[in-house]
Each structure stands twice: as structure tokens, then as C-alpha cells.
Amino acid sequence: MKILKKSKLSSQLLWLIGIAFVLLFTSLGVILPKMLIPVAERNIYSYLSEPLKYVDSTVDNKLLSTEVAYIYIKDNRIIYSDNLEKVIQLTDPKKLISYIREDYGKFNYNHKTYYYYTFTNETLKKIAISNDNYINKTKAAILTVIFPIVLLTFLIIGMMLVLWSSLIVRKIQKLKEKIDNIDNPNYNHNIYFDSDDEMRSLSYAIEDMRKSLMHQEEYRNQMYQNISHDFKTPLTVIKSYIEACEDGVTSSEEALPVIKEQTEKLENKVRSLLYLNKLDYLKDTKVDLQQVDMNKIIQDEVEKFKYHNKNIKFIVETDKKSKYLGTVEHWETILDNLLSNSMRYTKTKIKITAKQNKIIVYNDGDNIDEALLSGIFTPFRKGIKGEFGLGLSIVKKTLNIMKYDISIRNEKVGVSFIITKESK
């Protein structure tokens, strides 16, 4: 088994064919002959019994088979055929008769097996006896016929397996070469297999994986650029005001509020980025979800946001017993980000509806461009008004952890964010 583990597939197949060949020879040379013995014995008993029906008390030696000898017992006299010594190599018929205890059977003498069959009437007992040459010839005749056929069949099957395995190995080598060059843009990744089998499916799967990796690499590079741009803006403002203070262009009283504001923005972005990474970790862990009071969470969030802009009206409609599965922390994060997004684009009102296990956050701002809807939950994807952000991505991933989903719908006036339970 160690050899198979260290060998290539083609070598493993050759080893397996060799082992199968040994097993075949063992079965044909040892097991099959033993299985043939009962059949051959039934034949030899029939072969011995038939002549006894027709042979009388006088032995005609011209009609005797060289492999069958006869013994007649009549009136306590023993008469035997001339070939008895050749068949059994025993000169004393009385001793031979002592081995014969049943109507038919076999016995061992001088490491050889002998078969006999008896026929008895009122005056005469006839015994036909033979050695195992008949059985050996029968086994040899059967094996002579079977062995070449089985051997030829096995060789043909072996050759077919070797050819088939060589095709499989070549396909695997092509796929390995493709995987080795999966990040090589100059490599020709087009592989075509004639047969529509699992190898072709695997080739398609590898190609899909390669395209996905390329897409992820492009997305990652784009995301890094967007993160750099998003972080660079507040840092540039902070640096500019610090330099302005140092050059005496502006006073520290004017610069500090702006620096503090930009620092808070930068801090929020860092916090959001860390939280997004935390969500990537939590998606593979089991979160303890419980029934939470959504009515209270919504009221607390509205209280938090309604003073940010007194010109915006908040409308809340919830069931009396508005229970949702999750954690208070996760739902607060979701509503924080949705309300922050809505506050940015709404004109006069924000409406929150939580009924029948569905939450809708509506704002009466402008509709979202259809081209932006498909990637609006992607981190740092350029969104509405060319801005970047993590808020909606955090909302999407947090909801997924709690087995909820979110969609966006453009209304005649405004936009609705709709949270529903994931369909099983």
C-alpha cells in the first residue's frame, strides 16, 4: 500500500492490474479446481455405475477401461480384472475390499484418492474402482478451455484500462498545468475535452474559479484604491488646517472644530472597517440568536437621529408585539446604518414599518440609479453621488448572520429598504 501511495496514477493502475492478474491466476489455479471436484466426483460415480448394470459374472478384459478395474464377489470367491494392479497398485483384493464400506465413495491409499461404486444382487456383488486420473483429466480439460478465454479477456480489459487511464492522466496533467498557471495572464487557459464527463465539468469549474479569482483581485485592488481615497480626504483636510495654523493663515479656534470633525469621520470609517472584518469572522461561527423587542429598538434609534435634522419627520408603524430574531446589538447596528443613509438623502420624512416579520425603512429622497442597485451592498463600491462607504455592506452582512435578507425598491417618490426573513 505504501507503493501505491507514493506512485503516480498510471503506476497505481499498473500495480492494481498486476494484483488482479495474480488474484486471477490464484482463483483459476487453486480455487476453481477445488470447486470443480464435487462436479467431477458426481461424474465419476456415474461413469463407474453404468457398466455395472451390464457386466455379468464373467469379465471380458477386452472391454475394460484402463482407468477402471472390476472386482466380483460370488460365493465368497473374488474375481478381479487384469488391470487392477495398474489402477490401484494393490495385489491383495481382500485388503482392497476392506476399504469399501458403502455403496459408493472414495478412500485414500498411498497418498492417492480412489473412487468406487458397488452393485449387489442376490448372488453377486460387483465393484467398479478407479483412481483420480479421471478427475485430474476433467479439471485439466475444463481449465484448458476456461483459462485461455479468461486470460485473453483479462488482457483485453487490462489494455482498455491502461488506455483509458492514460487519457485520464493526460486530462489531469492539462488541468494541473492550468492550475499552476491560474494567475498567469499569458497562458492559454482554453482547454477542450471531447467527452462530456466529470473532467470537462472540473475544467469548467476551474475556469469559473479562475475568473472569480481574477474578479476578486480586480475588486480588491479597486477596493484598496477606494479605501485610500476615502481615508485620504479627511487626512488631507486635517493636514491642511494644521499647516494653515502653523503658517498663521488661520487660528486654532477656527481649525480645531474642523480637525475634530474630520477626525471623528476618520474614526467612524476605521470603526466600520473593523466591524466589517468582524462580520466576516462571525459568518462562520454560530451566533446565539434570541427574540428581541423591535419596537423598543426602533424608538431608541429614532430618538437618537431625530435631533440631527429637525426638518425631517419620522413616522413609525409597528405591531404591538413586534418580536424579531437576532441580538439587540446587531439590530441597532443595522438601523444605525440605514437611518444614517436615509438622513443623507431624504428630503422631508423617514418612515419605519415593522409588521408581519418585515421591516421597511423608507425615505422620500431621489430614486437610486438602476445601474447602482446591483452593487450597492458591496464594500467601498462607488455609490450614490459618487460616494464610497461601508454602511450598507455592514447592514447586508449583519442581516445574513441573523438569517435575514435586504432588498431596495425605488418607489414613485423615494426609496424603500425592505428587510425580510431568508427563504429556506
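Let me begin with a convention: a charge sits over a ring if NZ of Lys or CZ of Arg is within 6 Å of the ring centre and within 35 degrees of the ring normal. In the model shown above, the charged end of Lys421 meets that rule over the ring of Tyr404, 4.5 Å from its centre.

Before going on, the model is a predicted one, in which local features need pLDDT of at least 70 and side-chain atom pairs count only at pLDDT 80 or more, while totals for chains, interfaces and linings use all residues. Residues are numbered from 1 along each chain as its sequence is written, and side-chain values use heavy atoms, with hydrogens and water left out.

The protein chain has 11 helices and 12 strands, taken as DSSP runs (H or I of at least four residues for helices, E of at least two for strands) and numbered from the N terminus. Of its 424 residues, 37% are buried, where buried means under 20% relative accessible area, exposed over 50%, and partly exposed in between, with a 1.4 Å probe and protein chains only.

Now to the cores, each being a set of buried Ala, Val, Leu, Ile, Met, Phe, Trp, Tyr and Cys residues joined through side-chain atoms within 4.5 Å. The largest has 34 residues, and those with the most contacts inside it are Met294, Trp331, Leu338, Val361, Leu399 and Ile419. Helix 9 (328-345) is among the elements that give two or more residues to this core, and the largest share, 6 residues, comes from helix 9. If we leave aside neighbours within four places in sequence, Leu338 is in contact (heavy atoms within 4.5 Å) with Val361, Leu392, Val395, Ile406, Phe417 and Ile419. A second, separate core of 15 residues includes Leu84, Leu90, Ile100 and Tyr116.

Tyr116 also belongs to one aromatic cluster, together with Tyr99, Phe107, Tyr109 and Tyr114. Rings of Phe, Tyr and Trp (its six-membered ring) pair if their centres lie within 6.5 Å, with planes under 30 degrees apart counted as stacked, over 60 as edge-to-face and the rest as tilted; the count comes to 10 aromatic pairs. Why is the pair of Tyr99 and Tyr109 edge-to-face? Because their ring centres are 6.0 Å apart and their planes stand at 65°. Tyr99, at 24% relative accessibility, counts as partly exposed, whereas Tyr109 is buried at 13%. The rings of Phe107 and Tyr114, with centres 5.7 Å apart and planes at 25°, are therefore stacked, and both residues are buried.
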